[in-house]
Amino acid sequence: VIAVGEDPSASTVPPTTSAGSRTNTLTFDEEAKLVYGVILSLRNMIKKLSRRDEQFTSYRTSTYRLHLYETLSGYKFVMLSDPSTDGLRFVLRQIYSGPFVDYVARNPLVSMDSREQGIDNEYFRASVDRMIRGLSVFA
Amino acid sequence: MVVFGLWVINKAGGLVYQRNFTDGLAQLTSNEYLVLAGTLHGIHAITSRLSPTGPSSGAQVIEGETFKLTILLTVTGTKFVLSTPLAETAAESILQRVYEIYSDTVMKNPFHTPEMPIRSEGFDSRIVGLLGSGQS
């Protein structure tokens with residue numbers, strides 16, 4: 001799970017991740033930038049193609065599925081899952097309205113829109129972890 | 001089966017065929033379609049690198065709120081992209097048939113230059129037969 005915050009001038013905040021290491025060749029920063037780039041381009045493409053003002057919600061490849069939930073305040077919540085899962089946007093929404101609001105937005109010590117510092121605090125991680133492990137789709 | 005549109009993208013990322021069928025998506029100029037095809041080509045390449053579990057294909061389905069794009073990547077690098085409503089389940093088999101029509105009418109045509117825009121009546125008429133008529 002990656003949370004990417006964005007202020008109106010379109011800068012990104014380095015995100016947090018859930019526990020678990022991956023054996024790919026990209027460093028975390030590079031990957032975060034790629035993810036952000038892909039999401040931004042896909043959003044623009046879908047907006048352009050659609051007649052009404054639509055949101056991009058997810059995409060699937062042969063090995064993973066990426067879900068996006070974007071809040072009105074410009075924060076983008078991204079989740080990668082197994083390709084056979086259905087829409088997990090509601091989970092991302094729950095993460096936003098639950099742990100994120102509780103431990104990040106309401107936390108006076110976290111600077112939400114900084115460019116160098118990510119959002120990384122123990123309570124947030126633990127409660128997101130608990131929430132995800134409690135899902136029915138989590139194997 | 002309801003289909004909004006079909007794009008065929010060559011292996012360099014250039015749009016070689018574009019046609020709309022049922023009305024449902026915005027009407028764009030041909031230049032805008034060219035730009036979108038190039039963007040999609042790049043996105044497809046990047047998505048294959050973002051996989052958390054090792055090598056992956058590029059994006060196969062991209063979903064919005066009311067429509068989705070289904071992408072078939074052939075072994076030669078050509079991409080067939082179909083835009084349909086979310087509920088359409090036959091998108092992948094439709095794309096397979098489009099690929100068959102493409103190989104029959106375009107690839108076997110001795111006057112067609114590979115990777116160039118498709119200008120073939122045979123292709124057009126068979127696609128219209130498969131997907132219904134519309135306009136380019």
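**Exercise 1. Find which strand gives the largest share of the lining of the largest cavity, then describe that cavity.**

Step 1. Strand 1 (residues 5-9) of chain B supplies the largest share of this lining, three residues. Strands are DSSP runs of E with at least two residues, helices are runs of H or I with at least four, and both are numbered from the N terminus.

Step 2. This is a predicted model, where local features need pLDDT of at least 70 and side-chain atom pairs count only at pLDDT 80 or more, while totals for chains, interfaces and linings use all residues. Residues are numbered from 1 along each chain as its sequence is written, chains are lettered from A and ligands numbered from 1 in the order in which they are written, and side-chain values use heavy atoms, with hydrogens and water left out.

Step 3. Count and size it. The structure holds one cavity of 30 Å³ or more. The volume of the largest cavity is about 40 Å³. On a 1 Å grid over the protein atoms alone, a cavity is a set of points where a 1.4 Å probe fits but cannot get out; a pocket is an open set with protein on both sides within 12 Å along at least five of seven lines; lining residues have an atom within 4 Å of a point. Grid points are joined across faces, edges and corners, and a volume is the space filled by probe spheres set on the points.

Step 4. Name the lining. Chain A is represented by A:Leu49, and among the residues from chain B are B:Gly5, B:Leu6, B:Trp7 and B:Tyr33. By class, the lining has six nonpolar, three polar and no charged residues. Ala, Val, Leu, Ile, Met, Phe, Trp, Tyr, Cys and Pro count as nonpolar, Asp, Glu, Lys and Arg as charged, and the others, Gly among them, as polar.

**Exercise 2. Describe the second largest pocket.**

Step 1. Its volume is about 290 Å³.

Step 2. The lining has 13 residues, and the closest to the centre are B:Leu15, B:Val16, B:Tyr17, B:Gln18 and B:Arg119.

Step 3. Strand 2 (15-20) and helix 1 (30-47) of chain B each give two or more residues to this lining. Strand 2 of chain B gives the most, with five.

Step 4. Sort the lining of this pocket: seven nonpolar, three polar and three charged.

**Exercise 3. Work out how helix 2 and helix 3 of chain A pack.**

Step 1. Helix 2 (residues 89-105) and helix 3 (residues 122-133) of chain A have axes that come within 9 Å and cross at roughly 160°. Helix 2 of chain A is therefore roughly antiparallel to helix 3 of chain A. Angles over 145 degrees count as roughly antiparallel, under 35 as roughly parallel, 65 to 115 as roughly perpendicular and the rest as oblique. Axes are lines fitted to C-alpha atoms, for helices over the stretch in contact, and angles run from 0 to 180 degrees between N-to-C directions.

Step 2. The crossing of these two helices is right-handed. A crossing is right-handed if the near helix is turned clockwise from the far one by less than a right angle, and left-handed if anticlockwise.

Step 3. Residues of helix 2 of chain A, including A:Phe100 and A:Tyr103, meet residues of helix 3 of chain A, including A:Phe124 and A:Met131. Contact means heavy atoms within 4.5 Å. The residues of this contact divide into 10 nonpolar, two polar and no charged.

**Exercise 4. Describe how helix 1 of chain A and helix 1 of chain B cross.**

Step 1. The axes of helix 1 (residues 28-49) of chain A and helix 1 of chain B come within 10 Å and cross at roughly 150°. The two are therefore roughly antiparallel to each other.

Step 2. Helix 1 of chain A passes helix 1 of chain B in a left-handed crossing.

Step 3. Among the residues in contact are A:Leu42 and A:Met45 of chain A, with B:Leu40 and B:Ile43 of chain B.
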